[in-house]
Amino acid sequence: MKQVEDSIFPMEDALEMILMFDRSGNISYANGAARQKLEYDDALCGRHISEVFPNTFPAGKGVEEADSLSQNELCSLVAYRRNHTCFPVEAKILKEASNPEEYICMANDILEREYLGREIERIRQEAEQAAKVKSEFVANVTHELRTPVNGVLGNIRELFDRPLDEVTLKSLHLVERCCDDMNKIINSILDFSKLEAGKFTLEPRKFHFRNMMDYVKSNHINKITEKGLNFFMTVSPQIPEYIIGDELRIVQILNNLLSNAQKFTSIGKISVEAVKTAQVNNRIELFFIVSDTGIGIDKADTDKLFQSFSQVDASISRKYGGTGLGLNISKQLAELMGGRIEVESEKNKGSTFSFSIWVEGCEEEGALQASGIGEQQPGMAAGASFEEEDLLEDIRVYGTEENQKNLKKNLSKLILCVEMENWEKAEMFMEIVRELTAQAPQDIKRTALRLKMAIQKEDYEKVAKAFEELNNFL
């Protein structure tokens, strides 16, 4: 280790990410670039390498895979940030010269290069007019699908002529929009067989991003809560109010993932998070994370998920239904929008699907924030009236009376959940606290982060200490 220790200082300022770990997988050193890119601040040391490369190294086990990887010049891996978003890297893993029990991983973020490479490939394919179509969808989706959808749509529109209360009318308009969207999707899939390029035609346009997320939420919240599940939705404030992209396709992917989450989850929670993860000129990478506490799947079976007409096993199809097309279509749509789709899952412990897309930013002057700070905020149901907007904004601004009042209330509920050892509900209130301290000074945000980490680890002593610190700030 002497040679490595002597070189720690220059490694700290290196532009590439550098991680050192032992045969047990425990990280002993991470340079500044690694801490910044992976968003761990100073909390990487002592963690297992599987938290950074979960698709390469098994959690909590040794790293025998490192021996084979160290024989290669370069390898392509997927690195995960602390918030579970991921990005591609080009990595080299070496055995430490003076200690064969230690490994050094040097990795470069190739997200922008991969994106530009995909753009070049897309232009090349369009120029060559690559020929064959993926006609397997046509075998499963026929004109017969239009009949029941149009039947529902026709009956809904007849109901509009009758006297209806506001709540019923809103629900009927939601069903009407769902039917219209379904017809658009059916038409696209049927046209898909006629496209010479073998892909869907994207229709990018400007739309209000948070209105779209509210629409997705309203589509699923009733079914999810009817099962007794908690449902949370979080949208990062870094995402512009208006973006240019194919709204229908984004909604289609989210609907597929949320429908699966609802189908395969009996107890616990389902959450959706949307964050901005990268920007190249006016192009923005958006990352969506859909997590559930459902049945999960074995890692060996994850490759089957994105194949056409394929499910993990026959019992899944018999018990839950489905054609096995949804995730395959979602994968293709994400790739058409310049992104990718990934899955993390463990048998009987739930699944986390994440996908990225590239869109164009389009800020609208004076745009209204149409969404609340999250479904988890008490009293902030979807569709808050415009009269409530000032109150919502006041709650977001750290230090205001409304902000402090909500912080104290949710911290009290949080510590009560901890005392009752209801860690899952404590996490729910922690998400609210995180939103309410998003604009707070750095020392308060750091304390909130320590509280969140302690809750995730179910460490009562650290929770009590961080809670006391945060309470003192108030």
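In this predicted model, strand β6 (residues 205-208) and β8 run antiparallel and are joined by four bridges. One of the pairings here puts K206 opposite I244 of β8. On its other pairing, β8 is linked to strand β12 (residues 351-361) by two bridges, and these two strands run antiparallel as well. I243 has G361 as its bridge partner in β12. As for the faces of β8 (residues 242-245), I243 and G245 make up the covered one, while Y242 and I244 sit on the uncovered one.

Elsewhere, five strands build an open sheet, and reading across it gives the order β2-β1-β5-β4-β3, with antiparallel pairing. The edges go to β2 (27-30) and β3 (75-80); each has a single partner strand, so one side of each lacks a neighbour in the sheet. On average, and ignoring direction, neighbouring strands in this sheet are turned by 35° against each other. Within the sheet, strand β4 (residues 86-96) and strand β5 (residues 99-109) are tied together by eight bridges and run antiparallel. Here K92 stands opposite M106 of β5.

Now for the nonpolar interior. Nonpolar side chains in soluble globular proteins tend to be buried together. The largest nonpolar core in this model counts 42 residues, and F209, M213, L254, L286 and F288 have the most contacts inside it. At least two core residues come from each of α9 (209-226), β7 (230-235), α10 (247-264), β9 (269-280), β10 (283-292), α12 (326-336), β11 (341-345) and β12. Take L254: once neighbours within four places in sequence are set aside, its contacts are M212, M213, V216, V272, F288, V290 and F355. A further core of 27 residues lies apart from this one, and its members include L19, A30, V89 and C105.

That leaves a helix pair, α15 (residues 423-436) and α16 (residues 442-456). Their axes come within 10 Å and cross at roughly 165°. Angles over 145 degrees count as roughly antiparallel, so α15 is roughly antiparallel to α16. The crossing of α15 past α16 is left-handed. What do the two helices bring to the contact? From α15 come W423, A426, E427, M430, E431 and R434, and they meet A448, L451, K452, I455 and Q456 of α16.

Terms used: Residues are numbered from 1 along each chain as its sequence is written. This is a predicted model: local features need pLDDT of at least 70, side-chain atom pairs count only at pLDDT 80 or more; totals for chains, interfaces and linings use all residues. Side-chain values use heavy atoms; hydrogens and water are left out. Buried means under 20% relative accessible area, exposed over 50%, partly exposed in between (1.4 Å probe, protein chains only). Two strands pair if DSSP finds at least two bridges between them. Axes are lines fitted to C-alpha atoms, for helices over the stretch in contact, and angles run from 0 to 180 degrees between N-to-C directions. A nonpolar core is a set of buried Ala, Val, Leu, Ile, Met, Phe, Trp, Tyr and Cys residues joined through side-chain atoms within 4.5 Å. Contact means heavy atoms within 4.5 Å. Angles under 35 degrees count as roughly parallel, over 145 as roughly antiparallel, 65 to 115 as roughly perpendicular and the rest as oblique. A crossing is left-handed if the near helix is turned anticlockwise from the far one by less than a right angle, and right-handed if clockwise.
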